[in-house]
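I opened a notebook for this structure. The entries below follow the order in which I looked things up.

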Amino acid sequence: MRLVHVLVAGGLVMTVACGSSTGTSYGSGSGTPPASCASSGASATITATGSFTFSQSTATITAGQKVCWVNNSGIAHTVSSGTAQTTSSDDGKFTGGSLPSGATVVVTFATPGSYPFHCNIHLPPTYNMTGTITVQ
């Protein structure tokens, strides 16, 4: 293993090890397994990505079913109800909330309708973290 010293602003020196590793590393670098929607009972899973999108951006479910948003990107996001023009465009149709890296948000949709969602941190036009849940 080779050690490299990296000079950081403020005169601090950080030592970085280069070489192979046998451990498992995940997006947040914490060594813990990534968050999963598997045990949530959700009918649809939407992933907040490091490329500032939701993958998949649309889902169609039946009234009473759940949608799970998961974030293993290493970047904090939110799940907010409404169109994504500004942070004040939240419409309150559902409560999502904070989606830090390594977390999930699960929402049950009881009433048929169209439910747009977005990330309040990464708004258009710079980012395209928007989508729609259709409840039948």
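I looked for a charge over a ring and found Lys 93 over the face of Tyr 115, 5.9 Å from the ring centre. For this I required NZ of Lys or CZ of Arg within 6 Å of the ring centre and within 35 degrees of the ring normal.

I noted what I was working with: this is a predicted model, where local features need pLDDT of at least 70, side-chain atom pairs count only at pLDDT 80 or more, and totals for chains, interfaces and linings use all residues. Residues are numbered from 1 along each chain as its sequence is written, and side-chain values use heavy atoms, with hydrogens and water left out.

Next I turned to the aromatic rings. I found six aromatic pairs in the structure. I counted rings of Phe, Tyr and Trp (its six-membered ring) as a pair if their centres lie within 6.5 Å, with planes under 30 degrees apart stacked, over 60 edge-to-face and the rest tilted. Trp 69 and Phe 94 are stacked, at 5.8 Å centre to centre and 10° between the planes. Trp 69 sits in strand β6 (residues 65-71) and Phe 94 in the loop between β7 (77-81) and β8 (97-99), 25 residues apart. Strands here are DSSP runs (E, at least two residues), numbered from the N terminus.

I then checked Trp 69 against Phe 117, and this pair is edge-to-face: 5.2 Å centre to centre, 75° between the planes. Trp 69 lies in β6 and Phe 117 in β10 (residues 113-118), so the pair ties together parts 48 residues apart in sequence. Both Trp 69 and Phe 117 are buried, meaning under 20% relative accessible area with a 1.4 Å probe, protein chains only. Phe 94 is buried as well. Ring pairs link Phe 54, Trp 69, Phe 94, Phe 109, Tyr 115 and Phe 117 into a cluster.

I followed β10 to its neighbour. β10 and β11 are antiparallel and share six bridges; I took two strands as paired if DSSP finds at least two bridges between them. Pro 116 has Thr 132 as its bridge partner in β11. Strand β5 (residues 58-61) runs parallel to β11, with four bridges, and Thr 60 is partnered there by Thr 134. On β11 (residues 130-135), I listed Gly 131, Ile 133 and Val 135 on the covered face, and Thr 130, Thr 132 and Thr 134 on the uncovered one.

Last, I looked up pLDDT, the predictor's confidence in each residue from 0 to 100. The chain averages 79, and 71% of the residues score at least 70.

Key. Buried < 20%, exposed > 50% of the residue type's maximum accessible area, 1.4 Å probe, protein only.
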